[in-house]
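Dear colleague,

Please find below the structure that I am handing over to you.

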Amino acid sequence: MSTQANHAQAAKVAIVTGASRGIGAAIAQRLAADGIAVVVNYAGREADALAVVESIQAAGGRAAAIRADVTVPAQVAAMFDTAITLFGGVDILVNNAGIMQPGLVSLVDTDDALFDRLVAINLKGTFNTLRAAAKRLRAGGRIVNFSSSMNGLSQPGYSVYAATKAAVETMTNIFAKELRGRNITVNAVAPGPTATELFLKDKTPEQVERIAKAAPMERLGEPADISEVVAFLVSNAASWIDGQTLRVNGGII
Ligand code: NAP
């Protein structure tokens, strides 16, 4: 990257939701390495979030941990306002926070509590941060939402999870159009199976091995496989990509 580009990135500020671990933590660290000041959002695991902040600061970057449950609009608004107070503005929102059902749960076995929780975090949580961002993101900003390649794979046991992600893809495309004139791009990434707690918990080693071999690359994704793509989408190089969903999955679908 040129010196000029480095200066341009140095002034940027990003909020990464769900950045205490997994893909979000890798994104926070990757964006910070590009000189972007990063809000490491988390819901419950404060120690993990603080460790991510410390790792960024140890590498010479700028970061702060802010607790906010993305399902609660007032907490989301307060997170944006704190970020503006700390860093002077917000340019980038990465809507990474998300949950999955435990193991495989068919639609008929999905109880009300699980349905409501998946929708509250994956869909309403994304809506809450988009709505807050619409009023606060600076011109030239970037939004990256999180879908899943499970939409395309359509495997039994993932109906509600995949439905929340399909809704996120639809909002991504429409929201990009609603931000016309602001010079803010809105895109989504749709990872395939990626080696994080979300994917690995509730699976046997045999299940993990079978899924890992399903993609032509014959391995699971790593958080860095996803964070590199997010870093590109929020960069100046991606200014002509808007309203799109990019599958990042080693070719599994
Ligand atoms: P993960 O390791 O389980 O991490 C989830 C993160 O989300 C944590 O930082 C967690 O915070 C945060 N979070 C959960 N509920 C929240 C809430 N209500 N408010 C704020 N933050 C909340 O998950 P991951 O695998 O990195 O997944 C990241 C994104 O990628 C998700 O949207 C997921 O659907 C998507 N994705 C993942 C895969 C995969 O195979 N891993 C595949 C496709 C798509 P705490 O630590 O504080 O609880």
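Arg 21 is partly exposed, because its relative accessible area is 35%, and a value between 20% and 50% falls into that class. Please bear in mind throughout that this is a predicted model.

Arg 21 is placed in the loop that runs from strand E1 (13-16) to helix H2 (22-33). Once residues up to four places away in sequence are set aside, Arg 21 touches Arg 45, Asp 48 and Glu 197. Glu 228 stands 207 residues from Arg 21 in sequence, yet the two C-alpha atoms are 16 Å apart in space.

The chain as a whole

The chain contains ten helices and seven strands. How does the radius of gyration agree with that of a compact globule? For 253 residues, such a globule would have a value near 18 Å, and the chain has 17 Å, so the two agree. Along the principal axes, the C-alpha atoms fill a box of roughly 50 × 35 × 35 Å.

Of the 253 residues, 49% count as buried.

The annotated region

UniProt, in an unreviewed entry, lists residues 12-192 under "domain: Ketoreductase". Over residues 12-192, the chain is 49% helix and 17% strand.

Thr 71 is found in the loop between strand E3 (63-67) and helix H4 (73-87). With a relative accessibility of 22%, Thr 71 counts as partly exposed. Beyond its neighbours within four places in sequence, Thr 71 is in contact with Ala 120, Ile 121 and Asn 128. In the case of Ile 121, 50 residues along the chain from Thr 71, the C-alpha atoms are separated by 5.6 Å.

Asp 116 belongs to helix H5 (residues 112-136). Asp 116 is partly exposed, because its relative accessibility is 48%. Val 160 is 44 residues from Asp 116 along the chain, and their C-alpha atoms are separated by 9.7 Å.

Is Leu 179 buried or exposed? Leu 179 counts as buried, because its relative accessibility is 6%, and the class of buried residues takes in values under 20%. Leu 179 sits in the loop between helix H7 (159-178) and strand E6 (185-191). Leaving out neighbours within four places in sequence, the residues in contact with Leu 179 are Ile 143, Ile 184 and Val 186. Between the C-alpha atoms of Leu 179 and Ile 92, which are 87 residues apart along the chain, the separation is 14 Å.

Two residues with a positive phi

Most residues other than glycine have a negative phi. Asp 202 has a positive phi of about 70°, although it is not a glycine. The loop that holds Asp 202 lies between helix H8 (197-200) and helix H9 (205-212). At 49% relative accessibility, Asp 202 counts as partly exposed.

Glu 218 also has a positive phi, of about 55°, and is not a glycine. This residue lies in the loop between H9 and helix H10 (223-233). Glu 218 is partly exposed, with a relative accessible area of 48%.

Kind regards

Terms used:
Residues numbered from 1 in each chain as written. Predicted model: local features only at pLDDT ≥ 70, side-chain atom pairs only at ≥ 80, totals over all residues. Heavy atoms only, no water. Helix = DSSP H or I, 4+ residues; strand = E, 2+ residues; numbered from the N terminus. Rg over C-alpha atoms; globule rule 2.2 N^0.38 Å. Buried < 20%, exposed > 50% of the residue type's maximum accessible area, 1.4 Å probe, protein only. UniProt positions renumbered as here; feature names shortened; annotations may be inferred. Contact = heavy atoms within 4.5 Å.
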